[in-house]
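Below are my notes on the model you sent, arranged as numbered points. Please read them alongside the coordinates.

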Amino acid sequence: MNPAIHSITFDCTGDPYDLGLFWSELLGRPLADDDKPGDPEALIADPDGGPRLLFVRVPEGKTAKNRIHFDLRPTGRTRAAEVERALALGATLIADHTRPDGGGWFLLADPEGNEFCVERGESD
């Protein structure tokens, strides 16, 4: 038997609840009912049973580019609309890697600096 991915953990120096709220809004999945501001961790469960997203306070800050990140594919909106929505939620635009043919992606960072990409959406 092989192991299953139980959680994908995000380290953060700020409030895990705040970072969890960013990802909760971006992904449209609620934080756990018992999570509160100031807690040492916050959790987003996948309603379909996939890996949970766990946000944990750590003392050290981020020092380099992520070696693993999410590639998000918008559903029900264009890539540009998804990027604008992420920016409004508190993301930072790092780079535009879109191509004239419509391919490519935008590289963004969450409020703690964790990178993620927004790919071409189903509406593009």
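1. The side chain of Glu82 makes a polar contact of 2.9 Å with the side chain of Arg77, and a second one, of 2.8 Å, joins the side chains of Glu82 and Arg85. A polar contact here is a pair of N or O atoms within 3.5 Å, where within protein one atom must be able to donate a hydrogen and the other to accept it, and where residues adjacent in sequence count only if both atoms are side-chain atoms.

2. On the basis of these values: this is a predicted model, in which local features need pLDDT of at least 70 and side-chain atom pairs count only at pLDDT 80 or more, while totals for chains, interfaces and linings use all residues. Residues are numbered from 1 along each chain as its sequence is written, and side-chain values use heavy atoms, with hydrogens and water left out.

3. Glu82 sits in helix H2, residues 79–89 (helices are DSSP runs of H or I with at least four residues, strands are runs of E with at least two, and both are numbered from the N terminus). With a relative accessibility of 7%, Glu82 counts as buried, a class that means under 20% relative accessible area, against over 50% for exposed and partly exposed in between, with a 1.4 Å probe and protein chains only. Leaving aside residues up to four places away in sequence, Glu82 touches Leu26, Pro74, Arg77 and Val118, contact meaning heavy atoms within 4.5 Å.

4. Which residues of H2 are buried? They are Arg79, Glu82, Val83 and Ala86. Seen down the axis of H2, these buried residues fall within an arc of 100°, so they line one face of the helix; the arc is that of the directions from the helix axis to the C-beta atoms. Glu84 and Ala88, on the other side of H2, are exposed. The cover over the buried residues of H2 includes helix H1 (16–27), S6 and S7, and just after H2, Gly90 takes a positive phi of about 120°.

5. S7 runs parallel to S4, with three bridges joining them, and Phe70 stands opposite Phe116 in S7. S7 is also joined to strand S6 (residues 105–109), by five bridges and in antiparallel fashion, with Cys117 in S7 as the bridge partner of Leu107. Two strands are taken to pair if DSSP finds at least two bridges between them. The hairpin of S6 and S7 has five residues between the strands, and in it Gly113 takes a positive phi near 95°.

6. A search of the whole structure finds six salt bridges, each being a side-chain nitrogen of Lys or Arg within 4 Å of a carboxyl oxygen of Asp or Glu. In one of them, Asp15 pairs with Arg57, the closest N and O atoms being 4.0 Å apart. Asp15 lies in the loop between strand S1 (7–12) and H1, and Arg57 in strand S3, so the pair ties together parts that are 42 residues apart in sequence. Asp15 is buried, at 19% relative accessible area, whereas Arg57 is partly exposed, at 36%.

7. Lys62 forms a salt bridge with Glu115, the closest N and O atoms being 3.2 Å apart. This pair links distant parts of the chain, with Lys62 in the loop between S3 and S4 and Glu115 in strand S7, 53 residues apart. Salt bridges that share partners also join Arg77, Glu82 and Arg85 into one network.

8. Where is Val58 found? Val58 is in the loop between strand S3 (52–57) and strand S4 (70–72), and at 16% relative accessibility Val58 counts as buried. Not counting residues up to four places away in sequence, Val58 touches Asp11, Cys12 and Thr13. Val58 and Phe10 are 48 residues apart in sequence, with a C-alpha to C-alpha separation of 9.6 Å in space.

9. On annotation, the unreviewed UniProt entry places the feature "domain: Glyoxalase-like" at residues 8–118; UniProt positions are given in the numbering used here, feature names are shortened, and annotations may be inferred rather than shown by experiment. In the model, the end C-alpha atoms of residues 8–118 lie 18 Å apart, and the span is 21% helix and 29% strand.
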